[in-house]
Amino acid sequence: YYEDDGFVVVIFDYFGVLNALSGPMIAALDEAVEALAEGGERRALLIRARGGKTFCAGADLKVVRAQVGSPDFARRLSLFMRDLTERIAALPLVSAVALDGAAIGGGAELCTCADWRFIAQDATIRFVHAKLGISPGWGGGGRLTRLVGRGAALRLLTTARLVEAEE
C-alpha cells in the first residue's frame with residue numbers, strides 16, 4: 001500500500017493466484033487499516049487490484065489447504081479477517097473498492113466493508129461460499145444483508161449466483 005495526499009491506496013497484485021489474499025497481503029491490508037485508524041491527515045482508503053481479470057479471489061486456498069491438519073488455523077484466519085473487515089467498515093473516513101474484475105468469495109466479502117464500490121462494466125461479484133460448503137466467515141453475510149436486504153442476501157449467499165456490474 002502507499003499514501004498519497006491523505007489517501008491510502010491498497011493494491012492487490014498477486015495474479016498467480018487471482019489476487020487471493022496471501023499472508024503478506026493480509027498483513028499489508030491490516031497495516032494500512034491501522035494507519036488509517038490513527039487518524040491524522042488521512043482522508044480516504046481505496047482498495048483496488050492492478051490490472052487483470054480478478055479483483056480478489058478471497059483467501060489463498062494453497063495456504064489454507066496446507067493448514068488442513070490444523071483446524072484452529074481456519075478459525076483464527078476467519079476471526080482475524082472478520083475483525084479486519086469490521087475495522088475497515090468502522091473507519092472514520094471514506095472507504096472505497098475499485099472493482100475491476102471478479103470479486104469471488106472473500107473478495108466479495110471485502111466489497112461489503114467499503115462505503116463505496118466503483119464497478120467496471122465487466123466486473124462481477126460472487127459469494128461462492130455455498131458451493132464450498134461454508135458460510136462467509138469474514139462478516140460479509142451480515143454486511144451484505146444490510147446493503148441489499150435479507151431476501152436478496154439469502155438468495156446471493158445460498159445460490160452462489162454471479163452478480164454482473166449492471167445489477
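A: Start with the open sheet of 5 strands, in the order β1-β2-β3-β5-β7, with mixed pairing. The model is predicted: local features need pLDDT of at least 70, side-chain atom pairs need 80 or more, and totals for chains, interfaces and linings use all residues. Residues are numbered from 1 along each chain as its sequence is written, and side-chain values use heavy atoms, without hydrogens and water.

Q: What makes β1 and β7 edge strands?
A: β1 (2–4) and β7 (116–119) each have a single partner strand, so one side of each lacks a neighbour in the sheet. On average, neighbouring strands are turned by 20 degrees against each other, direction ignored.

Q: Why are β2 and β3 called paired?
A: Strands are DSSP runs of E, at least two residues, and helices are runs of H or I, at least four, all numbered from the N terminus. Two strands pair if DSSP finds at least two bridges between them. β2 (residues 7–12) and β3 (residues 44–49) have 6 bridges, so they pair, and they run parallel. Here V8 stands opposite L45.

Q: What makes I26 of α1 part of the contact with α3?
A: Contact means heavy atoms within 4.5 Å. I26 is among the α1 residues that make the contact, and L77 is among those of α3.

Key:
Axes fitted to C-alpha atoms, helices over the stretch in contact; angles between N-to-C directions.
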